[in-house]
Amino acid sequence: MENNRILHDYETAFSQLLHPDDTSNIYAFGDVRRSPGNGDSCFYFIGQLREYLGKSGQVEHFYVPDNMGETFSNGEFNVEFAVNGRFNGRVSYGLHNLSQWPLEDQKTAGRKIYIVYWLIPDYLVQNADNSFDFRCQ
């Protein structure tokens, strides 16, 4: 399926993204999903749940658009910080609550956690086809 290949390409690019030194990956996630709003478009969601040791401002500054380069200018690139086990409402697909992540036995209470994610609509992607992809209907 073409959408899976496109997602894989985005996941590969995202895996090469540099992150702040005092952060660590907790969980990586990528999926083809329906539009987070109205519509029948496919969106490619690639994200990482990460722990940080420093200050949130330093983490946020690391991911400013000027530092990201052209690769990540397509779509939305966001950083959100968890407060009391939740992200604000901008994190799509029901992933705003840490309890909804498949973290198995990893405890997140008391840890400083953020999500960095990339959300790309299919209308920005050459060769994307949502007509036969049930994930986009």
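How many salt bridges does the structure hold?

Modeller: The structure holds three salt bridges, a salt bridge being a side-chain nitrogen of Lys or Arg within 4 Å of a carboxyl oxygen of Asp or Glu. This is a predicted model, in which local features need pLDDT of at least 70 and side-chain atom pairs count only at pLDDT 80 or more, while totals for chains, interfaces and linings use all residues. Residues are numbered from 1 along each chain as its sequence is written, and side-chain values use heavy atoms, with hydrogens and water left out.

One of the bridges joins the side chains of R5 and D9, at 2.6 Å from N to O; because these residues are four apart in helix α1 (residues 2-15), about one helical turn separates them. Helices (H or I, at least four residues) and strands (E, at least two) are DSSP runs, numbered from the N terminus. R5 is partly exposed, its relative accessible area being 38%, and D9 is also partly exposed, at 39%, where buried means under 20% relative accessible area, exposed over 50%, and partly exposed in between (1.4 Å probe, protein chains only).

Another bridge pairs D31 with R33, whose closest N and O atoms are 2.6 Å apart. In the bridge between R111 and E51, the closest N and O atoms are 2.9 Å apart; R111 lies in the loop between β3 and β4 (113-121) and E51 in strand β2 (residues 42-52), so this pair ties together parts that are 60 residues apart in sequence. R111 itself is partly exposed, with a relative accessible area of 28%.
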